[in-house]
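Here is a short briefing for a reader new to this structure. Please look at the model first, then go through the points below.

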Amino acid sequence: MTRPPLQAVLFDMDGTLVDTERLWWEAVQEVATGLGRPLTEADQPEVLGRPVEHTADWLGRITGTPGLAGPLHREFSDRVRTGIVPRPGALALLDALARDGVPTALVTASPRSVADSVLAVLGADRFRVSVTADDTASTKPAPDPYLAACRALGVEPARCVAVEDTPTGVSSAEAAGCAVLAVPSLAPIEAAPGRTVVASLEEVTAQRLRSLVRPRLRVLSWNLWHGGAKVDDHRAKQLKVILDAEADVVGLQETAGTAARELAEALGWHHHQAGENLGIISRHPITARLGDPAVGFYGAAGARIRFDGTRELDVWTAHLHYTPYGPYEAAFDGLSPAELIAHEDVRLAQMRQALRQIAEAAGATTPVVLTGDFNCPSHLDRTDVAWPVTRAAEEAGLRDSYREALPDPVRDPGHTWSPVHPRHEDDPALPEPQDRIDYVLHNGRGLSVLDARTVVTGVPRAWPDVAGNDWPSDHAAVLTTFELNPPD
């Protein structure tokens, strides 16, 4: 499990760091009252968190008075010059983030001239970057200002927390993909997924901001191809794949009896080797080993992994029998869908046994991930055949993470068999059917799919000239990134 570091905190200015939201409201109220149309609470969405130009256009339309940007700007600037007051807790939080080395940015819908006045009070050196209404084509509630700040800092929006005080600003930050800490000033803000609401910055610490960036789990499913022995220096190449993928847990098949232990020892990880063929390695502690530890070449094995110190996740790896192979029977023998389904009996029995083991081990709320080489296509890909193995997993409540992330099988086929077999091994005159037969499934309990992809290093040479390949397998691997949601 990887908890991404908090890469940056992005602060709104008016009403969040300084008490200018009140000054802006008073400035607009002054101008509006002079035009015979005092503001009411219902006007807040057109004023709070909005740039001068937006409010000027809105007030101009409802009063029939054009050219209000200048008067509004002057009225607000006069108040800013004499009335800037940092919000309670603002300076202490900025100082705490600076001590921890967390970059900060100022992201405001105010013009540069106003932002510079505020920065002079707060200290411009407190912020690595500042983005104003003058710096992007669109400002809040569009995501542009927050995206611009992230680009300038070289950070990912999903690994940042935006601190806002208005619904308009919250919309901007959430549209950019940031986690949000809302500190309402004048307008109320409701809590929501990915959004935390507090009464004051005095309640906020750097650690609390870190906690808002949800941890992620990167799971790799990989058939090692007889432990990798067909390829020179295979163990070093396997380690490089795992490190480059930034995997947290790897479900292994064809481990040749020792690969799980050897990989885990080289990485300083935990491992479970089950029988001669299956293994699980994890950068986080394994608290229980699940299933039959002496499982045969085909079957399933699992491990319970502890993350966040207390929460646990069950990860399983499965390898199902390779023959008869449905894609061959479809491509070379012309079998009908009914015949293909009938020939899945061995794999279907193995999958049902694995699903029983998974259900018996897991609690009612346990997150479960099933990795594996199923040696069969998915009913989600080849819809002409209701492939029963993947259907059985779906009916048991397991979701296909690759198809969640990439739902179009035509555009994203996700083939894992085979990067080294473009032609059939026994008859080079025949093209090898390319299929997705390796999977990362999950039960959705506390897990959300952020991304999924196949992994192959370089451009592997075809069988039998494989010894020098960078990629040490005949399967592509599958890598899924999950977001770990708070427990219920």
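Buried means under 20% relative accessible area, exposed over 50% and partly exposed in between, with a 1.4 Å probe and protein chains only. This is a predicted model, in which local features need pLDDT of at least 70, side-chain atom pairs count only at pLDDT 80 or more, and totals for chains, interfaces and linings use all residues. Residues are numbered from 1 along each chain as its sequence is written, and side-chain values use heavy atoms, with hydrogens and water left out. Helices (H or I, at least four residues) and strands (E, at least two) are DSSP runs, numbered from the N terminus.

**Strand β8**
- Five of the five residues of β8 (residues 249-253) are buried, so the strand is largely enclosed by the rest of the structure.
- Val249, Gly251 and Gln253 lie on one side of β8, and Val250 and Leu252 on the other.
- β8 pairs with β7 (residues 216-223) in the parallel sense over five bridges; pairing takes at least two DSSP bridges.
- Ser221 stands opposite Gly251 of β8.

**Helix α10**
- In α10 (residues 234-244), the buried residues are Arg235, Lys237, Gln238, Leu239, Val241 and Ile242.
- These buried residues pack against β7, β8, α11 (259-267), β10 (278-282) and β17 (447-455), where contact means heavy atoms within 4.5 Å.

**Helices α1 and α3**
- Trp24, Val28, Val31 and Ala32 in α1 meet Val52, Thr55 and Leu59 in α3.
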